[in-house]
Amino acid sequence: MDFSLSDEHEALVRMVRDFANREVKPIAAEIDREHRYPAELVARMAELGLLGIEVPPEYDGSGLDPIAYVLAMEEVSTACASTGVIMSVNNSLVCDPLLKFATEAQKERWLRPLACGDKLGCFQLSEPNAGSDAAAQTTVAVRDGDGFVINGVKNWITNGPQADTGILFAMTDKEKGHKGITAFIIDMNAEGVSRGPKDDKLGIRASHSCQIFYTDHRVSADQVLGEVGGGFKVAMATLDCGRIGIAAQALGIARAAFEAATEYACDRKTFGKRIADHQGIAFKLADMATEIDAARMLTYRAAAMKAAGKRHSKESAMAKLYASEVANKVAKDAIQVFGGNGYVTEYPVERHFRDAKITEIYEGTSEIQRVVIAANVIGRR
Ligand code: CAA
């Protein structure tokens, strides 16, 4: 077993870290404060090939592997978790299902512009009354000639306000439950698709989400992604990959909080010595370092299993569950290390604390990750 990164992966980390330190980190606090979508950073990520990392070059992607994806996600998210999730949604919730389930013609039309960053994507599964219970879809797609007419509402759609393309899940046959759900590829600027105001959120404030409304929106048969009735499996398989990305985002947030706390603890003095030399603080830093490394190993393992073409539902859920809980614990402890300074916006740790929370919620709450892990560990009744 070799824990070292390849030369190619090391070079990618250097490139993305340089971008993150020079261009992302300096404006992270400002775009959070102003709730501003960082269009200029998204354009730069497109130039650097970070929006279609695993898409092969024949579809204008970077042709890298899932390990490269988590390495890049950690670097960007260490600088700014909002920028990280904009990137992760386009990569793993939009490009990934198109790569796996789209026809050749669909890849040409929809995947190519998303992979090179000419367009931005969003993933529309959640509804006002269908969050954790993803099969309880009430958005309907009714057959009409050779196409479908879609009506319904989608909730908390990350990249929703900016997206050009959406992966939408809708019920085509209510009688069949989850086997009646179909995935569609949506032109977000077409008639019958509208967007609500952006959500006012606790954290990741520079990444925008909103409701999406469908009113008699007509799609043609060639906008069905995968099989009619096969949408639930498209959603679940997509989330297996997306959860690896959120684990890497959580790792980035945890690392940012840890690095800030370590620097502060080595600088600040009380009772005649650095606070890092008080065991109460030193042990906190030791626990943070250990837990971040453990989360990183789980994340790399899930990515490696994806790279090897193995089923990785359990491993992705474990990585997301653990990394998101570590991010929350580390960010909370980092505030404690900073004391009063941790509670004010002059220092970055209150932002890391607010940003960490969503990683325990989106792409499946921690409770849902435990459901997935338990189903794999104990089997189903
Ligand atoms: N891959 C492929 N197929 C899968 C699968 C997987 N990982 N998991 C389940 N399936 C299949 C099952 O094999 C089963 O198929 P059959 O009927 O053929 O046997 C079918 O799907 C139904 O499986 P379950 O009975 O397990 O389904 P369930 O209704 O009990 O739900 C669940 C399972 C894990 C709870 C699921 O509903 C779930 O993941 N919920 C959370 C949803 C979620 O993560 N939402 C996040 C929204 S996206 C987001 O946050 C994006 C953003 O903006 C950042």
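**Notebook: helix packing and domains**

I looked up H3 and H6 to begin with: their axes lie 7 Å apart and the helices pack at an angle of about 40 degrees. Axes here are lines fitted to C-alpha atoms, for helices over the stretch in contact, and angles run from 0 to 180 degrees between N-to-C directions. Helices (H or I, at least four residues) are DSSP runs, numbered from the N terminus.

I noted that this is a predicted model, in which local features need pLDDT of at least 70, side-chain atom pairs count only at pLDDT 80 or more, and totals for chains, interfaces and linings use all residues. Residues are numbered from 1 along each chain as its sequence is written, and side-chain values use heavy atoms, with hydrogens and water left out.

**H3 and H6.** The two helices are therefore oblique to each other; angles under 35 degrees count as roughly parallel, over 145 as roughly antiparallel, 65 to 115 as roughly perpendicular and the rest as oblique. I recorded their crossing as right-handed (the near helix is turned clockwise from the far one by less than a right angle; anticlockwise is left-handed). For the contact (heavy atoms within 4.5 Å), H3 supplies residues including Tyr69, Met73 and Glu74, and H6 supplies residues including Ile253, Arg255 and Ala256. By class I found eight nonpolar, five polar and four charged residues in the contact of H3 with H6. Ala, Val, Leu, Ile, Met, Phe, Trp, Tyr, Cys and Pro count as nonpolar, Asp, Glu, Lys and Arg as charged, and the others, Gly among them, as polar.

**H3 and H4.** I then checked H3 (residues 66-79) against H4 (residues 81-101): their axes come within 6 Å and cross at roughly 155 degrees. That makes H3 roughly antiparallel to H4. Tyr69 and Met73 of H3 are among the residues in this contact, as are Met87 and Asn91 of H4. I listed seven nonpolar, six polar and no charged residues for H3 with H4.

**H6 and H9.** H6 (residues 231-267) packs with H9 (residues 349-357) at about 155 degrees, with axes 10 Å apart. H6 and H9 are therefore roughly antiparallel, and the crossing is left-handed. Ile253, Ala256, Ala257 and Ala260 of H6 meet Val349, His352, Asp355 and Ala356 of H9.

**Domains.** I read domain 1 (7-119), domain 2 (122-231) and domain 3 (233-378) from the domain assignment, whose bounds are automatic or from a database. The centres of domain 2 and domain 3, taken over C-alpha atoms, are 30 Å apart.
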